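Colleague: Could you take me closely through the interface between the two chains, with the cut-offs behind each term?

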Amino acid sequence: MILVFAEATSGHFKKAAFEAVTYGIQTANLLGSQCVALTLGKVENAGQLGVYGASKVYNVANEHLANFDSQVYAAVIAQAAEKLGATVVVLSHTSTGKSLLGRLAARLKAGSVAGVKSLPDVSGGGFKVNKGVYSGKAIATYEISSPIKLVSLAGNEIPLQSTGNEVAVESLDVTAPSSRVKVLDVKREEGIVPLPEAVTVVSAGRGMKGPENWGIVEDLAKALGATTACSRPVADADWRPHHEHVGQTGVAIRPNLYIAIGISGAIQHLAGVNQSKVIVVINKDPEAPFFKAADYGVVGDLFEVVPKLTEAVKKFKAS
Amino acid sequence: MKILVCISKTPDTTSKISFTADGAKFNDAGISFIMNPYDEWYALVRACELVEKNGGTVTLINVGGADNDQTIRKGLAIGATDAVRIDAEPKSALFIAKQIAEYAKSQNYDIVFCGKESIDYNGSEVGAMVAEYLDQPFVSYASKLDINGNTATLERDIEGGVEILEVQTPFVVSAAKGMAEQRIPNMMGIMKAKSKPFQVVAPVEFPDLAVPVKFTLPKEKTGVKLVSPDDMDELVRLLHEEAKVI
Ligand SMILES: Cc1cc2nc3c(=O)[nH]c(=O)nc-3n(C[C@H](O)[C@H](O)[C@H](O)COP(=O)(O)OP(=O)(O)OC[C@H]3O[C@@H](n4cnc5c(N)ncnc54)[C@H](O)[C@@H]3O)c2cc1C
């Protein structure tokens with residue numbers, strides 16, 4: 001049986017949860033098995049996971065699950081996995097899933113692979129999955145040899161598939177220890193898609209000359225419904241907030257579309273963004289290394305090109 | 001205060017990555033190695049700052065062969081008190097975590113630090129595993145950590161925001177950008193590092209349950225399609241019709 005932990009934020013699923021269930025059912029099909037989903041705490045409309053392929057949805061309701069604590073969540077998921085006889089446990093490769101994966105591996109004495117980007121190759125009774133390594137510069141095939149296998153699924157890798165119908169939610173009786181981590185506050189930027197989840201990203205670098213010029217980047221992002229990002233020196237100089245820094249030592253992203261404006265394309269920058277499906281580079285220097293990693297390029301002055309692109313996007317969206 | 005910092009050795013960030021012809025192993029010819037930046041810049045430096053302020057010791061721990069000693073010495077030069085190397089080939093995350101936890105369990109550390117991930121395997125798993133083996137709380141992706149007595153206040157990076165958390169020692173934390181600023185070791189630090197205690201410990205028996213068996217390089221881009229800066233309608237058309245991303 002494949003157990004998918006479908007994570008919710010403030011009681012609501014994000015795309016990552018549906019992707020994990022889609023991955024779960026496709027893995028179950030390969031193994032001739034079933035996919036069931038687990039939700040923890042109060043979750044709205046948990047039965048919709050059936051639409052993506054969960055044949056059953058379990059919920060554990062317990063006051064200790066109100067806030068995320070990897071220790072408490074892992075204890076509950078491990079018990080559920082044992083109780084239900086799971087052979088594969090699927091998590092999302094998010095701040096939550098990443099904090100759980102290692103704990104579950106230690107608890108269940110199971111091999112784990114973080115950030116998988118392929119369905120398992122189960123030929124010959126094995127279990128092999130691919131993941132990005134060297135910050136996106138290479139791909140490694142991992143073999144898991146333990147009876148229970150653990151994976152966290154990288155975002156934006158598996159196209160969602162609705163194959164089933166809503167199912168009833170059953171409660172699962174497992175115990176939850178109390179948390180030793182106190183949440184004092186949670187601060188979220190409202191109204192923007194966080195970078196790791198963004199399907200479109202508009203990113204800018206030192207070519208912008210200064211923070212006062214970012215209006216044109218924000219206008220383009222707004223027209224595209226994109227999230228903004230930046231290169232490291234831009235964040236280091238406090239032109240932009242640190243959470244926008246993408247690259248090898250910043251956030252690693254894999255959107256469908258990455259637009260790089262006035263960024264040279266240093267190897268450490270590319271390492272965090274080269275898994276984007278389509279890359280557009282706008283740079284006045286035709287020799288900028290980024291063009292080698294790009295799908296589409298515009299050689300020109302960003303201060304002229306970007307506003308024109310914004311107009312063209314607006315015109316397209318209006319038509 | 002007694003602090004343990006887990007460090008790993010990774011290829012330099014400028015490295016061009018390649019593999020042996022059969023794709024089975026990383027090709028380290030011509031590669032220079034560094035301490036994993038998250039371990040060095042954030043975890044280790046913050047640990048040193050905490051003991052400089054509150055007194056105590058910072059112990060470095062690494063699982064690996066003697067070829068890691070240079071990296072470990074750099075950590076001592078930055079300011080750690082002493083170092084331990086578990087003499088084993090680090091092939092899988094759970095194996096590594098087991099070795100660290102086995103060493104740590106009798107030492108009563110107040111805090112175990114690691115970096116948020118290593119820039120080679122990008123697993124982000126070891127910290128959580130060590131925390132589980134030690135039965136301690138784990139705060140991942142912490143971009144801020146302050147301590148007052150036994151109570152730590154941390155900021156943890158989450159998608160689109162931060163959580164402000166409070167936890168009592170002992171606990172395990174993984175460090176992200178923001179926790180500290182990179183320190184360049186000075187001459188005195190480098191000299192002192194040579195005489196700091198450095199222990200080599202035999203590993204405990206533990207299986208490797210998930211290992212890389214093959215490496216490949218991503219498909220090269222087939223070549224950039226250049227669009228005239230005067231024709232952004234054409235770029236939008238291509239992104240819509242050809243690339244299908246808008
Ligand atoms: C250990 C380490 C880790 C690192 N990690 C990261 C990381 O995670 N992320 C990261 O981004 N960097 C990282 N770096 C830094 C990296 O090496 C580069 O220095 C950085 O990415 C360069 O940023 P940039 O492209 O914005 O600036 P620059 O390299 O200065 O490039 C600016 C570009 O803008 C173009 N430009 C200028 N004016 C215009 C104009 N008017 N119109 C159009 N184009 C214009 C120029 O042609 C140039 O190509 C790291 C470095 C090290 C040593």
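Modeller: Strand β12 (residues 181-188) of chain A pairs in the antiparallel sense with strand β9 (residues 161-168) of chain B over seven bridges, where pairing requires that DSSP find at least two bridges between two strands, and where strands (E, at least two residues) and helices (H or I, at least four) are DSSP runs numbered from the N terminus. Within this pairing, A:D185 has B:I164 of β9(B) as its bridge partner.

This is a predicted model, in which local features need pLDDT of at least 70 and side-chain atom pairs count only at pLDDT 80 or more, while totals for chains, interfaces and linings use all residues. Residues are numbered from 1 along each chain as its sequence is written, chains are lettered from A and ligands numbered from 1 in the order in which they are written, and side-chain values use heavy atoms, with hydrogens and water left out.

The contact (heavy atoms within 4.5 Å) takes 84 residues from chain A and 76 residues from chain B. Chain A and chain B bury about 6,900 Å² between them, 58% of it on carbon and sulfur atoms; buried area is the accessible area (1.4 Å probe) that two parts lose on being put together, summed over both. On the chain A side, A:R103, A:Y134 and A:Y296 lose the most area to chain B, together 12% of what that side buries.

Eight salt bridges are found across the interface, each a side-chain nitrogen of Lys or Arg within 4 Å of a carboxyl oxygen of Asp or Glu. A:R180 forms a salt bridge with B:D135, with 3.4 Å between the closest N and O atoms. Helix α3 (residues 95-108) of chain A gives the most to the side of chain A that touches chain B, with ten residues.
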